[in-house]
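Colleague: Hi! Could you walk me through this one?
Modeller: Happy to, here it comes.

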Amino acid sequence: LTAMGEPSMDPTISAADSTAQQDSLFSMTDVFLISLITGLFTYWFFFRKKKEEVPDLPKMQPVAAPVRDSSFIEKMKKTGRNIVVFYGSQTGTAEEFANRLSKDAHRYGLRGMAADPEEYDLSDLSRLSEIDKSLAVFCMATYGEGDPTDNAQDFYDWLQEADADLSGLRFAVFGLGNKTYEHFNAMGKYVDKRLEELGAQRIFELGLGDDDGNLEEDFITWREQFWPAVCEHLGVEATGEESSIRQYELVVHTDVNMNKVYTGEMGRLKSYENQKPPFDAKNPFLARVTENRKLNEGGERHLMHLELDISNSKIRYESGDHVAVYPANDSSLVNQIGEILGTDLDTVVSLNNLDEESNKKHPFPCPTSYRTALTYYLDITNPPRTNVLYELAQYATDAGEQERLRKMASSAAEGKALYLSWVVEARRNILAILQDMPSLRPPIDHLCELLPRLQARYYSIASSSKVHPNSIHICAVTVEYETKTGRLNKGVATNWLKNKVPEQNGSSSLVPMYVRKSQFRLPFKPSTPVIMIGPGTGIAPFIGFIQERAWLKQQGKEVGETVLYYGCRHEHEDYLYREELAHFQKEGVLTQLNVAFSRDQAEKVYVQHLLKKNKESVWKLVNEGMAHIYVCGDARNMARDVQNTFYEIVSEFGNMSQPQAVDYVKKLMTKGRYSLDVWS
């Protein structure tokens, strides 16, 4: 700033000097007045310039754009790749599918690479035709209510604004979605449609995977028809090579500095010992558990309320946001895998990518021990996908077991049926498969290479930051069920959270977490009425909403009608937050509390039945009061039934046909007046 100010001072100093030289021509009063005026002018001129030039700083020192890797085109040319498979992935499945497709390419004399769109400039797609026999494949998951995944947001924005000519680009899209959601596979459909609009050539039809059905089978079915189409368009044919190709090489560290070994951190080494904001998926905050209490009074299930301390983290959240939690696998499962495979789990290893050009150097943070990898980094509780079974088959010494594994990994109808019944429906995880196939004893490093990453679990935040700025509340139910094989399977995160007791004997229970922003928001005007529908743990965000409306009322704001439709099984068993809700109702914040107890009478009563019962007042609030509607909970049945109930109410009181009523509700969604926070 001094340097910027100096040039502007020079003319004024010399003006003052010349004035002083002429003082013989003026009286002392004149000199004084002229000096005063000159001084004021100098002062004004100096600060005026300073003020004007401050905003110019960014122009002189432009903020560098985020540094991306070199162009994916240059990378493909350098490494001799023809096929690039981009993935939009929130939970890792789309990334896994992209890796499988890129690996498939070698069977056709091609070379593929999986790529994160966040790391590249996708406008380079127009140059892909520079590479012989080239193809771009997109494995795109849809997140939330038809949204792109976090890593595909920039790509989605570019597609919306792009006017690029992609006429030389050959492409195919496989979408990952869930039919229970309103906007099934919205991202996959959009990418497929938009690329065609920009002139690209679709070489195979859009694949629509449904996670509510059998996503793995959908992918395999699409893939087995996709590759013949690739052969036809690119003029290549299968080489017959079906051999297993290792992607990583094992390095065992016998003499290693333990300060250089990962112990569960998601990104930066020692980040859990030396915490630095901002906190996100790659840098979670270790929040202290300050409360963990059981919410239900009876029944077999365990419903719980947890409070996480976020003091000094600089984490900000809004009512309706989600908290992501990184859980740990049950140590007994980890130990059993180690015992079956005869491995010292405390061996420190690195798995290094054999492709030195790959951005992904390791499948998980390395170096680390097998125990840490199986506890914090790998998913050992979900049924493994067919590609894992295919790769493991070579290690089964019993011919029958090897054949069974290969059959389940094949695309034959019989193999698909066997995989569905023996793995998916029986909910066999990797430990169960190892137990039920005594001859299958793979090297633990190959198993660790094949297993998918353990993912963060998302929970709707059950508090308002206006009332609890330094605390995030979670409402959850522990998952526990018996499988067809008689095994007891437990939900990873909920059972891990259940055991997180507040401070005992000076030691704290810590939870790695971060906040994910949501579109599930209270109306901008507090005076707007809200209708909240959330049975079971779907009540979570509404506890935050009601807390916030109570706070707004205390601030003297006019708060509109706050109506809640809540449901549980039994009034005296699992009525969550009963006392809190009664308090809010007594205070006049919760203007209507409608509770459906589904199993307290012969005929089941659900939230949609109560909505029908109050249909006239519901319509009045929506139509005249311009109320905002919020639905949270089960997507498969509840959310759909509630939506159908609104169609009926709108049709009856709005004098509309069924299609008109559907259109009316869809318009409410578009305007942000009908919001969903649902899961399947």
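Colleague: Where does R81 sit?
Modeller: R81 lies in the loop between α4 (72–79) and β1 (83–88). Helices (H or I, at least four residues) and strands (E, at least two) are DSSP runs, numbered from the N terminus. This is a predicted model: local features need pLDDT of at least 70, side-chain atom pairs count only at pLDDT 80 or more, and totals for chains, interfaces and linings use all residues. Residues are numbered from 1 along each chain as its sequence is written, and side-chain values use heavy atoms, leaving out hydrogens and water.

Colleague: Is R81 buried or exposed?
Modeller: R81 counts as buried, because its relative accessibility is 7% (buried means under 20% relative accessible area, exposed over 50%, partly exposed in between, with a 1.4 Å probe and protein chains only).

Colleague: What does R81 touch?
Modeller: Not counting residues up to four places away in sequence, R81 touches M76, R111, G112, M113, I131 and D355 (contact means heavy atoms within 4.5 Å). A polar atom of the R81 side chain is 2.9 Å from the backbone oxygen of G112.

Colleague: Switching to sheets: what is the strand order in the open sheet of three strands?
Modeller: The order is β8-β12-β13, with antiparallel pairing (two strands pair if DSSP finds at least two bridges between them). β8 (248–253) and β13 (368–369) each have a single partner strand, so one side of each lacks a neighbour in the sheet.

Colleague: How many bridges join β12 and β13?
Modeller: Two, with β12 covering residues 348–353. V348 stands opposite S369 in β13.

Conventions: A polar contact is a pair of N or O atoms within 3.5 Å; within protein, one must be able to donate a hydrogen and the other to accept it, and residues adjacent in sequence count only if both atoms are side-chain atoms.
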